[in-house]
Structure formats: structure tokens, C-alpha cells
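Trainee: I would like to go through this structure and ask what lies behind each label.
Mentor: Go ahead, one label at a time.

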Amino acid sequence: ICVLALIVSVFALPAEGADLPQVHVRDSQASIYTLEPADSCEQGDDVEEGCSQPDTQADPSVAVNPSNPLNAVATFQEGRDAARGAATLGFATTFNGGRTWETGHLPGLTIAVGGHFKRSSKASVVFGPNDHVYATGVAFSFGNLVRTGIAFWRSTDGGRQWSQPILIAVDNLYLNNRDFQIDRSWVTVDLGSGPGHHRGRIYVAWRRISEASPVF
């Protein structure tokens, strides 16, 4: 059974000029694979492209609540595709510093969780003010038209429950021309309060790839 494990470490304040000591405390099981996609692969050396490999969780991102360090959220791929991406994106949330975790799937994006896209990838997560959590991921479907997009979710309870996804960018790549394709999303939030800051403002970045031009 595939699990997502997070390593918890603690630090002690060093003497001036000394190196910062790092002490490994323990590993904590944050998530266990529960997805049963209809297009799962048979395990083996030569798995079929375009199917979802069971018991695979990969590419995690983790964020800690700045107002409550016992509250952390991880996001990750679940059901890795033999070719690219995954069947969906999962999350794991703790409110006791990693001792126990609540897990699930970010809802509504891919076919595996009731959405319309074939695959998803590149999950990222960040905390904003007031225990709000924001997650993004890349979504895509392949065929004569390659449709890619950036999905955005919000949680207002520290990562227990999530909104339905909002598509904040969509590109359609027709295979006979040179339109753009989206990849590698990331999300962050302005937590500053000084001049020039906009506390609570959310920023999402991604790259756009085309056959005709460099990466944007």
C-alpha cells in the first residue's frame, strides 16, 4: 500500500556562529491510497500509457498555518499516469502537528472525482490569513484537442473541506497548430503588512509552452 510520509524535524537555537543542529523526530503516515479509477493499469514493467497506476502518490507540496503551527496541509498526485500526470490530486490535513491526518481528494476536477478533465498534476498549497488554505493544480485532457488549465480550490477551515475548483486559466492546444499549453502552477499569498504589501492577496504563477515560442 502506497502512503505519503512527511518527515517532522525540530531545531534548537545554536550558539552564535554555530551550525544549526537538525534532529529527526519521526516519520508520520499522512495519507493512504484509496482511489479506484476506472482506467487503472495492471502493475508491471510495461504499463499502458493513458492509464492510472494504482498505489501511487507523488509530487507533494506542504504548507504550515502561520497562525497555528500545529495545522499543516499537504497536497499531492494520486494515481500516477504511466505517461504523465495523475488520476486526481489528494490532500492530507493535520491539526496536531502531524500526529494524525485527515485525507481526501481535491474535488470536482478530473473524471476520477466527478470532474471533466482526464488528468491533473503539479499540486501546490499555501495558507493565507484567517486559517484559509488555497491549492492549485494543472488539469489536462488529450485527444485531437489538448485542453490544459489551472484549477484553484479554497478551504476556510484549515484544510478539512474544500470548494469546487475554479478554472483561473485555460489553454486549448490543437495538434495541427502552435497554440499554448499550461504546466507547473504554483500559488502563494501575501502575508505582509508593511508598505507595498496587500495582505491576503493571492498570486498564482505557471508556465506556458508552445511549439513556436520559448517557455513563458
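## Labels and the values behind them

Mentor: The largest share of the lining of the second largest pocket, three residues, comes from strand 11. Keep in mind that this is a predicted model.

Trainee: What classes of residue make up the lining of the second largest pocket?

Mentor: Five residues are nonpolar, four are polar and four are charged.

Trainee: What kinds of element does the protein chain have?

Mentor: There are 12 strands and zero helices. Read from the N terminus, the order is β-β-β-β-β-β-β-β-β-β-β-β.

Trainee: How many aromatic pairs does the structure hold?

Mentor: It holds two aromatic pairs. One is formed by Phe91 and Trp162, with 5.8 Å from centre to centre and 55 degrees between the planes.

Trainee: Why is the pair of Phe91 and Trp162 called tilted?

Mentor: Take the distance, then the angle. Ring centres must lie within 6.5 Å to pair, and here they are 5.8 Å apart. Planes under 30 degrees apart would be stacked and those over 60 edge-to-face.

Trainee: What does the pair of Phe91 and Trp162 tie together?

Mentor: Phe91 lies in strand 5 and Trp162 in the loop between strand 9 and strand 10 (166-174), so the pair ties together parts that are 71 residues apart in sequence.

Trainee: How do you know whether Phe91 and Trp162 are buried or exposed?

Mentor: Buried means under 20% relative accessible area. Phe91 has 7%, so Phe91 counts as buried. Trp162 has 12%, so Trp162 is buried by that cut-off.

Trainee: What makes the pair of Tyr134 and Phe152 stacked?

Mentor: Their ring centres are 5.8 Å apart and their planes are at 20 degrees. That angle is under 30 degrees, so the pair is stacked. Tyr134 is in strand 8 and Phe152 in strand 9, 18 residues apart, and the pair links these distant parts of the chain. Tyr134 is buried at 8% relative accessible area, and Phe152 is buried at 11%.

Trainee: Which residues touch the most other members of the largest nonpolar core?

Mentor: That core has 16 residues, and those touching the most other members are Val73, Leu106, Leu109, Val125, Val133, Trp153 and Trp162. Strand 5 (86-94), strand 7 (119-127), strand 8 (133-141) and strand 9 (145-155) each supply at least two residues of this core. In soluble globular proteins, nonpolar side chains tend to be buried together.

Trainee: What makes Lys122 stand out?

Mentor: Lys122 is not a glycine, yet it has a positive phi of about 55 degrees. Most residues other than glycine have a negative phi. Lys122 lies in strand 7, and at 15% relative accessibility Lys122 counts as buried.

Trainee: Why is Asp131 called partly exposed?

Mentor: Buried is under 20% and exposed is over 50%, with partly exposed in between. Asp131 has 33%, so Asp131 counts as partly exposed. Asp131 lies in the loop between strand 7 and strand 8. Its phi is positive, about 65 degrees, although Asp131 is not a glycine.

Trainee: How do you know whether Gln53 is buried or exposed?

Mentor: Gln53 has a relative accessible area of 17%, which is under 20%, so Gln53 is buried. Gln53 is placed in the loop between strand 2 (22-32) and strand 3 (57-64). Gln53 and Asp81 are 28 residues apart in sequence, and 5.9 Å apart in space from C-alpha to C-alpha.

Trainee: How much of the protein chain counts as buried?

Mentor: Of its 216 residues, 42% count as buried.

Definitions and conventions
Residues numbered from 1 in each chain as written. Predicted model: local features only at pLDDT ≥ 70, side-chain atom pairs only at ≥ 80, totals over all residues. Heavy atoms only, no water. Core = buried A, V, L, I, M, F, W, Y, C linked by side-chain atoms within 4.5 Å. Buried < 20%, exposed > 50% of the residue type's maximum accessible area, 1.4 Å probe, protein only. Helix = DSSP H or I, 4+ residues; strand = E, 2+ residues; numbered from the N terminus. Nonpolar A, V, L, I, M, F, W, Y, C, P; charged D, E, K, R; others polar. Phe/Tyr/Trp six-rings, centres within 6.5 Å; stacked < 30°, edge-to-face > 60°.
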